[in-house]
Amino acid sequence: MEWFAMYDVAIIGAGPAGASAAIFASRAGLRTVLVDADQSVTRRALIKNHLGLPDGITGPELVDRGKRHATDAGAELVTTKVTEVRPSADGFALQGENGRGIEARHVIFCLGVNPEVARLAGAQIVPGTEPRIKEIVAVDAQGHTSIPGLWAAGTCAGTSVHTIITAGDGARVAINVISAVKGERNVDHDVLPAPAR
Ligand SMILES: Cc1cc2nc3c(=O)[nH]c(=O)nc-3n(C[C@H](O)[C@H](O)[C@H](O)COP(=O)(O)OP(=O)(O)OC[C@H]3O[C@@H](n4cnc5c(N)ncnc54)[C@H](O)[C@@H]3O)c2cc1C
């Protein structure tokens, strides 16, 4: 099995929640890997209620743009299914269906409708509260699961099942992970240059 150097954060799932989390984590300078099986339900959506996109956007376009935004921000994208997440000496070891092993200090589950790999990792799973969502990963207000170092965001963490909300939740939880790593609250602001006089 091929093992790769330790990441600060591994994000499992690259739908709106995961891609958004990866954008913030990478821009904050965290060594970030985004692992995705590419089975996002968002690929079936035609989205007309996402802020700033008055003409609407297709689900596939939003998912592909999100992945491109994350890799442009510095995240590494690995397309495979994660079959196992277990504790390791310095964090967690992820096993990919493609035979690739990945180690990370923190893991953010952004799994969408299927929390299975979080259950296998020992995280507490509870009944879902949103329509058509059977089960979710139990999280606290920061996005911590029942296992320290494992976090969850988006649909799999019980948010309302809408792209603007899952993307926002991915960013929110990533900021909490960044702040935990850096030991101070993270802010990611760019300022518009002053108009030339
Ligand atoms: C038919 C349909 C229409 C919709 N229309 C709208 C709409 O108009 N407006 C709106 O706001 N929302 C809409 N939605 C909802 C929207 O798509 C979702 O709410 C949302 O954005 C889900 O984001 P997510 O990141 O939580 O999950 P997802 O986008 O589902 O992403 C989860 C990702 O995790 C990956 N994953 C899961 N387990 C593993 C694993 N073990 N290893 C690796 N990868 C894994 C999956 O392959 C997937 O790529 C619609 C949904 C559907 C199904």
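Trainee: What lines the second largest pocket of this predicted model?

Mentor: The second largest pocket has 15 lining residues, and those nearest its centre are Ile23, His50, Leu62, Gly66 and His69. Helices α1 and α2 (59–72) each contribute at least two residues to this lining. The volume of the second largest pocket is about 330 Å³.

Trainee: How do the residues of that lining divide by class?

Mentor: Nine are nonpolar, five are polar and one is charged. In this count Gly belongs with the polar residues.

Trainee: What is the volume of the largest pocket, and which residues lie closest to its centre?

Mentor: The volume of the largest pocket is about 1100 Å³. Its lining comprises 44 residues, with Ser40, Val41, Leu111, Gly112 and Val113 closest to the centre. Among the elements that give two or more residues to this lining are α1 (16–27), β2, β6 (82–88) and α4 (163–182). By class, the lining of the largest pocket holds 20 nonpolar, 17 polar and seven charged residues.

Trainee: Why is strand β2 called largely enclosed?

Mentor: A residue counts as buried when its relative accessible area is under 20%. Five of the five residues of β2 (residues 32–36) are buried, and therefore the strand is largely enclosed by the rest of the structure.

Trainee: How do you know that both faces of β2 are covered?

Mentor: In a regular strand the side chains alternate between the two faces of the sheet. On one side of β2 lie Thr32, Leu34 and Asp36, on the other Val33 and Val35, and all are buried.

Trainee: What makes β2 and β5 a pair of strands?

Mentor: Two strands pair if at least two bridges are found between them. Strands β2 and β5 (residues 76–79) share four bridges, in the parallel sense, so they meet the criterion of at least two. Within β5, Leu77 is the bridge partner of Leu34.

Trainee: How many disulfides does the whole structure contain, and how do you know that Cys110 is in no disulfide?

Mentor: The search of the whole structure finds zero disulfides. For Cys110, the nearest cysteine sulfur is that of Cys156, 6.1 Å away.

Trainee: Why are Cys110 and Cys156 called buried?

Mentor: The cut-off for buried is under 20% relative accessible area. Cys110 has 6% relative accessibility, so Cys110 counts as buried. Cys156 has 0% relative accessibility and therefore also counts as buried.

Definitions and conventions
Residues are numbered from 1 along each chain as its sequence is written. This is a predicted model: local features need pLDDT of at least 70, side-chain atom pairs count only at pLDDT 80 or more; totals for chains, interfaces and linings use all residues. Side-chain values use heavy atoms; hydrogens and water are left out. Buried means under 20% relative accessible area, exposed over 50%, partly exposed in between (1.4 Å probe, protein chains only). On a 1 Å grid over the protein atoms alone, a cavity is a set of points where a 1.4 Å probe fits but cannot get out, and a pocket is an open set with protein on both sides within 12 Å along at least five of seven lines; lining residues have an atom within 4 Å of a point. Grid points are joined across faces, edges and corners, and a volume is the space filled by probe spheres set on the points. A disulfide is a pair of cysteine sulfur atoms within 2.5 Å.
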